[in-house]
Amino acid sequence: STSQVAVYFSGALVYTTPSLPTNQWVNLSVSHNGTTVSVYQNGTYLGGGASGSIAASNQYTSIGYDYN
């Protein structure tokens with residue numbers, strides 16, 4: 001069985017990971033360099049997308065929670 005993680009920035013989908021293994025620890029990290037969001041799995045770059053700059057917002061940030 002597998003699952004995926006979706007990365008949203010300012011409410012827009014930026015990247016969806018490939019299938020991740022279940023019942024196994026995976027280190028996911030996300031960085032932002034001012035123009036691009038980058039996603040890493042176990043230290044390996046997976047991909048990302050243009051995001052623009054970070055603006056002040058009343059939107060909440062969540063990790064590991066599907067609010068849909």
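Q: Buried means under 20% relative accessible area, exposed over 50%, and partly exposed in between, with a 1.4 Å probe and protein chains only. Why is V37 called buried?

A: V37 has a relative accessibility of 2%. This value lies under the 20% limit, so V37 counts as buried. The structure is a predicted model, in which local features need pLDDT of at least 70 and side-chain atom pairs pLDDT 80 or more, while totals for chains, interfaces and linings use all residues. Residues are numbered from 1 along each chain as its sequence is written, and side-chain values use heavy atoms, leaving out hydrogens and water.

Q: What makes Y40 and Y45 partly exposed?

A: Y40 has a relative accessibility of 27%, and Y45 has a relative accessible area of 47%.

Q: Why is the arrangement of Y40 and Y45 called edge-to-face?

A: A pair of aromatic rings is described by the distance of the centres and the angle of the planes. Rings of Phe, Tyr and Trp (its six-membered ring) pair if their centres lie within 6.5 Å; planes under 30 degrees apart count as stacked, over 60 as edge-to-face and the rest as tilted. Here the centres are 5.6 Å apart and the planes make an angle of 65°. The distance lies within the limit and the angle is over 60 degrees, therefore the pair is edge-to-face. The structure holds 1 aromatic pair.

Q: How do you know that V7, F9, V14, Y15, V37 and V39 belong to a nonpolar core?

A: A nonpolar core is a set of buried Ala, Val, Leu, Ile, Met, Phe, Trp, Tyr and Cys residues joined through side-chain atoms within 4.5 Å. These 6 residues make up the largest such core. Strands β2 (6–9), β3 (12–16) and β6 (36–41) each supply at least two of its residues. Across the chain of 68 residues, buried residues make up 18%.

Q: How many strands does the chain have, and where is V37 found?

A: Helices (H or I, at least four residues) and strands (E, at least two) are DSSP runs, numbered from the N terminus. The chain has 7 strands and 0 helices. V37 is found in strand β6.

Q: What makes β5, β6 and β7 a sheet?

A: Two strands pair if DSSP finds at least two bridges between them. There are 5 bridges from β5 to β6 and 6 bridges between β6 and β7. Both counts reach the required two, so each of these is a pairing. The three strands form an open antiparallel sheet in the order β5-β6-β7. L28 has Q41 of β6 as its bridge partner, and T36 has A50 of β7.

Q: Why are β5 and β7 called edge strands?

A: The strands β5 (28–32) and β7 (44–50) each pair on one side only.
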